[in-house]
Amino acid sequence: MISVADLVQEKALKGNYFAPSAYVQGDFELGLLETRLGSRLIALPEVLLQGIYAGLEEEIGQATSIVLYNCGRWWGKSFYRRFVQEVSEYYEMPLAQMNMAQFLSCLKQCWKTHGWGVINFDFDYYSQGFIVVNTLNSPFAEAAPKNKGFACQPEAGILSSFFSKLTGEDLGCVQLSCESMGAPSNYFVIGLEERVDLAKGMSEEGYDYSTIMDRLLNTNSDDN
Amino acid sequence: MYPELQALIHEAEFQYLQEEDLNRFSQEIATLKDRIDAYKILRDEEISIFQGIVDQVIAKFPQENSQKIETTIRHWLLITRYSGMAMMLNNHEFLEHRLLEWLTDIVQAYESQVIFQAIYSLLLVKLNSVLSEDELAHIEPFLAQSNNYLTNGAILAN
């Protein structure tokens, strides 16, 4: 017997916390853009992002990608904490009670509303230890110099620390294709550092996404 | 909110609104009363409408896991409430952004499409008996939008 009266009362029925018209608020008189919980948001002009790429390239050259990756890792740690706090508060349930589809749907909407493009997750290789992530319209790939190598290290960093926190394992993330190099979207693979290291080498040598994934999966099954 | 009204407000930044615009404005306001009436019925009758549907679904799918039916009913309660608000605002985008985009993956991961569709059909039959013809005409496009989006549109949306 299902009682609708109980269903309506026992648990809050709520929609998309990250809907842009609800999530982005502001105290406009004080020049503040804020989230619906009052955390500050700022809009970065594209030219500033271009300047960051150009400035880093000039000052530290090849080390740019590792610096950006580490910036992303820092960002990802507090992003995870804030995301989990906001989502569990709004839906009135701890993370452990939330189903995976709801959690990922919130993350996708959050990503989109912050203007970081569209993100999708592929868990087909989860049992082999990998999560594949795809992003489209990355602001980083767009601001980076074209055809000068992969450019979404901030995203790779944020994904590595977000999923490390989520799974409790120390995970790395490697980009496998990039819009700044003419690819239709950006692919990333997340997994244990030592397992995704192979992907790093192959992507630097210019192998494409599917070849690298095949190799990762084969190496993985050889290890077993 | 109110895409039609917003378009008129935007237009009025450049010039006084013309007769045709003002007629559209009056029409929006004139139908608002009906939409609010329909909203009140959906709000006040929520439990009785859905309890009847639950009982029919259980009778129709006696083998089905009751947790699954409960989740799907929960989602249709949510869809109907958001559709009611979207109807008052006459705004399909409101419904898409505030609910459907987010709900799609959740519905597809955990629900049986057969039960989802069965609840939709039963809901329309039920609303036909509690709402007037005009009131039903106001809410129906938003429920149809939800049903299409969550069962077919999601493939396109990805």
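Modeller: We start with a definition: two residues are in contact when they have heavy atoms within 4.5 Å. Please keep in mind that this is a predicted model. In chain B, residues 24 or more positions apart account for 78% of the contacts with a separation of 6 or more.

Colleague: What share do residues 24 or more positions apart have in the contacts of chain A with a separation of 6 or more?

Modeller: For chain A that share is 55%, again among contacts with a separation of 6 or more.

Colleague: How many helices and strands does chain A have, and how many are there in chain B?

Modeller: Chain A has nine helices and seven strands. Chain B has seven helices and zero strands, so its elements, read from the N terminus, run α-α-α-α-α-α-α. As for extent, the C-alpha trace of chain A spans about 60 × 55 × 25 Å along its principal axes. The C-alpha atoms of chain B fill a box of roughly 65 × 35 × 20 Å.

Colleague: What percentage of the residues is buried in chain A, and what percentage in chain B?

Modeller: Buried residues make up 46% of the 224 residues in chain A. In chain B, 46% of the 158 residues count as buried.

Colleague: Now to aromatic rings. How is a pair of them described?

Modeller: The general idea is to give the distance of the centres and the angle of the planes. Over all chains, the count here comes to 23 aromatic pairs. Take A:Tyr17 and A:Tyr23: their ring centres are 5.5 Å apart and their planes stand at 75 degrees, so this pair is edge-to-face. Both A:Tyr17 and A:Tyr23 are buried.

Colleague: What kind of pair do A:Trp75 and A:Trp116 form?

Modeller: That pair is edge-to-face, because the planes are at 85 degrees and an angle over 60 counts as such. The ring centres are 5.0 Å apart. This pair links distant parts of the chain, 41 residues apart. A:Trp75 is in helix H4 (residues 64-91) of chain A, while A:Trp116 is in the loop between helix H5 (100-113) and strand E4 (118-122).

Colleague: Is A:Trp116 buried or exposed?

Modeller: A:Trp116 has a relative accessible area of 12%, so it is buried. A:Trp75, at 28% relative accessibility, counts as partly exposed.

Colleague: Which rings have a charged end sitting over them?

Modeller: Here are two cases to look up. The charged end of A:Lys14 sits over the ring of A:Tyr90, 4.6 Å from its centre. The charged end of A:Lys77 sits over the ring of A:Trp74, also 4.6 Å from the ring centre.

Colleague: And how do I describe two packed helices?

Modeller: You give the angle between their axes and the distance between the axes. In chain A, the axes of helix H3 (residues 46-60) and helix H4 come within 9 Å and cross at roughly 130 degrees. That angle makes H3(A) oblique to H4(A). On the H3(A) side the contact is made by A:Tyr53, A:Leu56, A:Glu57 and A:Ile60, and on the H4(A) side by A:Thr64, A:Val67 and A:Leu68. These residues divide into five nonpolar, one polar and one charged.

Colleague: What should I know about phi?

Modeller: Most residues other than glycine have a negative phi. A:Asn147 has a positive value, near 55 degrees. A:Asn147 lies in the loop between helix H6 (139-143) and helix H7 (153-167) of chain A, and at 56% relative accessibility it counts as exposed. B:Asn90 also has a positive phi, of about 50 degrees. You will find B:Asn90 in the loop between helix H4 (66-89) and helix H5 (92-110) of chain B, and its relative accessibility of 22% makes it partly exposed.

Colleague: Which residues does B:His75 touch, not counting residues up to four places away in sequence?

Modeller: B:His75 touches B:Leu103, B:Ile106, B:Val107 and B:Glu111, with that rule applied. B:His75 lies in helix H4 of chain B and is buried, with a relative accessible area of 9%. B:Gly84 is in helix H4 of chain B too, and is buried at 1%. Leaving out residues up to four places away in sequence, B:Gly84 touches B:Tyr39, B:Leu42 and B:Ile139.

Conventions. Residues numbered from 1 in each chain as written. Chains lettered and ligands numbered in written order. Predicted model: local features only at pLDDT ≥ 70, side-chain atom pairs only at ≥ 80, totals over all residues. Heavy atoms only, no water. Phe/Tyr/Trp six-rings, centres within 6.5 Å; stacked < 30°, edge-to-face > 60°. Buried < 20%, exposed > 50% of the residue type's maximum accessible area, 1.4 Å probe, protein only. Helix = DSSP H or I, 4+ residues; strand = E, 2+ residues; numbered from the N terminus. Lys NZ or Arg CZ within 6 Å of the ring centre and 35° of its normal. Axes fitted to C-alpha atoms, helices over the stretch in contact; angles between N-to-C directions. Parallel < 35°, antiparallel > 145°, perpendicular 65-115°, else oblique. Nonpolar A, V, L, I, M, F, W, Y, C, P; charged D, E, K, R; others polar.
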